[in-house]
Amino acid sequence: MKLKTFIIAAVTLLLSLPTHAQFQEGKGYVGASLTGLNLNYNGSDGFNAGLEAKGGYFFFDDFMLLGNLSYEHNGSDAVADHFTLGVGSRYYIIQNGLYLGAGIKWVHANHNYNDLMPGVELGYAFFINRSVTIEPSIYYDQSFRRHSDYSTIGLKIGLGIYLFDD
């Protein structure tokens, strides 16, 4: 019960902190995240870890278009290491950094494995200065190939840089 109370208090504190940036049209974004950290799971791979690079552009206030490229390593003999290429968007729900993301990615691995995976993400851009953020998020990716083995739920810890011209 104490852990639950701590998590609720920490989330409340994070959501109440003001940000130092505005999510305005015309601004850019670059980011990287560690996926997994032994904090994601699917039926086929078990636990794994990976690295993701992202680039984005605010095409309207609070709406960002994103592209990403990632590499994941795991110990599965069936899928092994895999690469992904994807596009998506984020909507910053409130100006303090809470965002909702959606996208689709193509996954390729050896053994002729290819999959198209739509996904959703809920995260928070915690500004540590005017433009640099730490971005924890939870995500779910739905597999079209085999839902029970390859659909994934997990946690990402990212670092983002919001590019400003002023």
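R90 and E135 form a salt bridge in which the closest N and O atoms are 3.2 Å apart; a salt bridge is taken as a side-chain nitrogen of Lys or Arg within 4 Å of a carboxyl oxygen of Asp or Glu. Because R90 belongs to strand β4 (residues 82–92) and E135 to strand β8 (residues 132–141), the pair ties together parts that are 45 residues apart in sequence. Both R90 and E135 are buried, where buried denotes under 20% relative accessible area, exposed over 50%, and partly exposed the range in between (1.4 Å probe, protein chains only).

The model is predicted, so that local features need pLDDT of at least 70 and side-chain atom pairs count only at pLDDT 80 or more, whereas totals for chains, interfaces and linings use all residues. Residues are numbered from 1 along each chain as its sequence is written, and side-chain values use heavy atoms, with hydrogens and water left out.

The secondary structure comprises two helices and nine strands, assigned as DSSP runs numbered from the N terminus (helices H or I, at least four residues; strands E, at least two). Along the sequence these elements follow the pattern α-β-β-β-β-β-β-β-β-α-β. Of the 166 residues of the protein, 42% count as buried.

A search of the whole structure finds three salt bridges. Side chains of opposite charge can pair when their charged atoms come close. K105 and D141 are both buried.

Two cavities of 30 Å³ or more are counted. A cavity is a set of points, on a 1 Å grid over the protein atoms alone, where a 1.4 Å probe fits but cannot get out; lining residues have an atom within 4 Å of a point. Grid points are joined across faces, edges and corners, and the volume is the space filled by probe spheres set on the points. The largest cavity holds about 310 Å³ of space. Its lining consists of 24 residues, of which E52, N68, G103, E121 and K156 lie nearest the centre. Two or more lining residues are given by each of β2, β3, β4, β5, β6 (113–124) and β8.

The largest nonpolar core contains ten residues, namely F23, Y29, F58, M64, L66, Y92, Y99, A125, F127 and Y162. Such a core is a set of buried Ala, Val, Leu, Ile, Met, Phe, Trp, Tyr and Cys residues joined through side-chain atoms within 4.5 Å. Another core, of five residues, lies apart from it and includes V107, A109, Y113 and Y150. Y162 of the largest core is 31 residues from S131 in sequence and 4.9 Å from it in space, C-alpha to C-alpha. S131 is placed in the loop between β7 (126–127) and β8 and counts as buried because its relative accessibility is 19%.

On the surface, Y57, F59, F60, F63, L65, Y91, I93, I94, L100, L122 and I138 form a nonpolar patch with about 1000 Å² of accessible area together. Patches are made of residues with over 30% relative accessible area and no salt bridge; nonpolar side chains (Val, Leu, Ile, Met, Phe, Trp, Tyr) are joined within 5 Å, and like charges within 9 Å. Accessible areas come from the Shrake-Rupley method with a 1.4 Å probe, and for residues only the protein chains shown count as cover. At least two patch residues are supplied by each of β2 (48–60) and β3 (63–74), and β2 gives the most, with three. F63 lies in strand β3 and counts as partly exposed because its relative accessibility is 35%.

D62 is located in the loop between β2 and β3. D62 has a positive phi of about 70° although it is not a glycine. Most residues other than glycine have a negative phi. With 18% relative accessibility, D62 counts as buried.

Conventions:
1 Å grid on protein atoms, 1.4 Å probe; cavity = no way out; pocket = protein on both sides within 12 Å on 5 of 7 lines; lining within 4 Å.
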